Amino acid sequence: MTADALRPNLPPLSLHVPEPRFRPGDAVDFASVEVPPAGAQPRPDTAADPASFHDLAYTLVRVLDDEGRAVGPWDPRLDPDTLRAMLRDMALVRAFDERMFRAQRQGKTSFYMKCTGEEAVAIAATHALSRDDMCFPSYRQQGILIARDYSLVQMMNQIYSNSGDNLQGKQLPIMYSSKEDGFFSISGNLATQYPQAVGWAMASAAKGDTRIAAVWCGEGSTAEGDFHSAMTFATVYKAPVILNVVNNQWAISSFSGFAGAEATTFAARAIGYGMAGLRIDGNDALAVYAATQWAAERARTNQGPTLIEHFTYRAEGHSTSDDPGQYRSAGEPGAWPLGDPIARLKAHLIAIGEWDEERHAAQDREVAERVKAAQKEAEKNGILGHGLHQPLDTLFDGVFEEMPWHLREQRQQMLDEEEASGRPWARKS
Ligand SMILES: Cc1ncc(C[n+]2csc(CCOP(=O)(O)OP(=O)(O)O)c2C)c(N)n1
Ligand SMILES: [Mg+2]
């Protein structure tokens, strides 16, 4: 007897397959995205029990209102110099992204990823963290390096995998690493940085250090098992870590519904773990700063981890290998109700009389020139396909502290074969 014959009075089971609201050609209306007024959300004491502020996982913490004013208890009350520094860093990231995207289209590198529309997430957080706090980024937080004044030329050398690349061409373009700058090596395997960050934070606490960790992943990446095991370790040991989920609505061509966004918020993941959770306006640099500062204070005073969902929008393609026109409406970026993070911080600075259109235009020219000059410098070390590669035998460096005998043999064999082939670039100078 078949199952439906056994239960003739029940409807057949059906599977829910999420479907994004807008596909190519559709008119976009984001009216159903709830945007509470800026300044309306309470700011709990950093020692408060996470169970006492569950509401903050379902709203949006916002500071900047539609007139560019900073309002409410989350206003971090930053001085104008800090505000201008954040604005400059965001403009610099955008200029850098533009130029490197074009470099990929010109065939100078194989790959690039922009963070357009999400600049506040990494820049404002980095300004709120201490310089020696340890960051575990995904591939969309290049803003951390920019905010920590990392060399643009070094970033480009890495993108070009040229002879100046301090990672020796071993990483995919944009997967930077800088120990000195507290920037953990970016991994292409999604969410691996989550348990690594929690482990680092646990070690920091176990050693009695005062440094904390911060980690970022996309909303799509929260579907990985690594995200959840990291959450368990973080909450059990009250690890001093800030867990950021960048909800930019898309994971390549999959919308956030496939990671669970139809059922609840990503910040609400924290509640099931008994952890502090905040859902914030990710296009509001002041909200990002304030939330990070609050979570950092919690971590530094042994109150435990905080999960922050940055509600934002990926304004462009996933990477240079993507064409969002194939799967989402072209009207989405323009209709996004939370606006553009650079335009919003600029409007705030103008509203408080600390900035103007002329200065902004001059800054745009200045950052574009800076990026252009860095590119000229980096290209002296080579671009894709121009032969200025890393010497071939660096392939074997940097993995083992002492190279095992079998690798030494393989390296020698490779060098002998290259010598015999007569290609001079293969030899280490
Ligand atoms: C473990 C793993 N699965 C799949 C991929 C392929 N992949 C790379 S990026 C990406 C989308 C990730 O989306 P999200 O986490 O939302 O981050 P975003 O790109 O939006 O910043 C996917 C599926 C991968 N790199 N690693
Ligand atoms: Mg995403």
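Trainee: What is the handedness of the crossing of α6 and α7?
Mentor: The crossing of α6 and α7 is left-handed. Please bear in mind that this is a predicted model.

Trainee: At what angle do the axes of α6 and α7 cross, and within what distance do they come?
Mentor: Helix α6 spans residues 193–206 and helix α7 spans residues 225–236; their axes cross at roughly 20 degrees and come within 8 Å. Because angles under 35 degrees count as roughly parallel, α6 is described as roughly parallel to α7.

Trainee: Which residues in α6 and α7 meet?
Mentor: From α6, the residues are Tyr 194, Pro 195, Val 198 and Met 202, and they meet Asp 226, Phe 227, Ser 229, Ala 230, Phe 233 and Ala 234 in α7. By class, this contact of α6 with α7 has eight nonpolar residues, one polar and one charged.

Trainee: Moving on to α2 and α3, how do they pack?
Mentor: Helix α2 (residues 80–105) and helix α3 (residues 119–128) pack at an angle of about 140 degrees, and their axes are 10 Å apart.

Trainee: Why is that pair oblique rather than roughly antiparallel?
Mentor: Only angles over 145 degrees count as roughly antiparallel, and the angle here is about 140 degrees. α2 is therefore oblique to α3. The crossing in which α2 passes α3 is right-handed.

Trainee: Which residues meet there, and how do they divide by class?
Mentor: Thr 82, Met 86, Asp 89, Met 90, Val 93 and Arg 94 in α2 meet Glu 119, Ala 120, Ile 123, Ala 124 and His 127 in α3. The contact of α2 with α3 has six nonpolar, two polar and three charged residues.

Trainee: And α5 with α12, at what angle do their axes cross?
Mentor: The axes of α5 (residues 152–160) and α12 (residues 357–379) cross at roughly 50 degrees and come within 9 Å. The two helices are therefore oblique to each other. In passing α12, α5 makes a right-handed crossing.

Trainee: New topic: is α13 well covered or hardly covered?
Mentor: α13 is hardly covered, as the count of buried residues among its 17 residues is zero. The helix runs over residues 405–421 and reaches 24 Å from its first C-alpha to its last, close to the 24 Å expected.

Trainee: What follows α13?
Mentor: Gly 422 follows α13, with a positive phi near 75 degrees.

Trainee: Which residues other than glycine have a positive phi?
Mentor: Gln 168 is one of them, with phi near 55 degrees, and Ile 252 is another, with phi of about 50 degrees. Gln 168 is in the loop between α5 and α6, whereas Ile 252 is in the loop between β4 (250–251) and β5 (254–255).

Trainee: Why does Gln 168 count as partly exposed?
Mentor: Gln 168 has 16 C-beta neighbours inside 10 Å, so it counts as partly exposed; a buried residue needs 20 or more, and an exposed one has 12 or fewer. Ile 252 is also partly exposed, with 14 other C-beta atoms within 10 Å.

Trainee: Last one: where does Arg 69 lie?
Mentor: Arg 69 lies in the loop between α1 (3–6) and α2. The C-alpha atoms of Arg 69 and Asp 340 are separated by 15 Å, although the two residues are 271 residues apart along the chain.

Note on methods
Residues are numbered from 1 along each chain as its sequence is written. Chains are lettered from A and ligands numbered from 1 in the order in which they are written. This is a predicted model: local features need pLDDT of at least 70, side-chain atom pairs count only at pLDDT 80 or more; totals for chains, interfaces and linings use all residues. Helices (H or I, at least four residues) and strands (E, at least two) are DSSP runs, numbered from the N terminus. The expected span of a helix is 1.5 Å times one less than its number of residues. Axes are lines fitted to C-alpha atoms, for helices over the stretch in contact, and angles run from 0 to 180 degrees between N-to-C directions. Angles under 35 degrees count as roughly parallel, over 145 as roughly antiparallel, 65 to 115 as roughly perpendicular and the rest as oblique. A crossing is left-handed if the near helix is turned anticlockwise from the far one by less than a right angle, and right-handed if clockwise. Two residues are in contact if their C-beta atoms, placed from the backbone, lie within 7 Å. Ala, Val, Leu, Ile, Met, Phe, Trp, Tyr, Cys and Pro count as nonpolar, Asp, Glu, Lys and Arg as charged, and the others, Gly among them, as polar.
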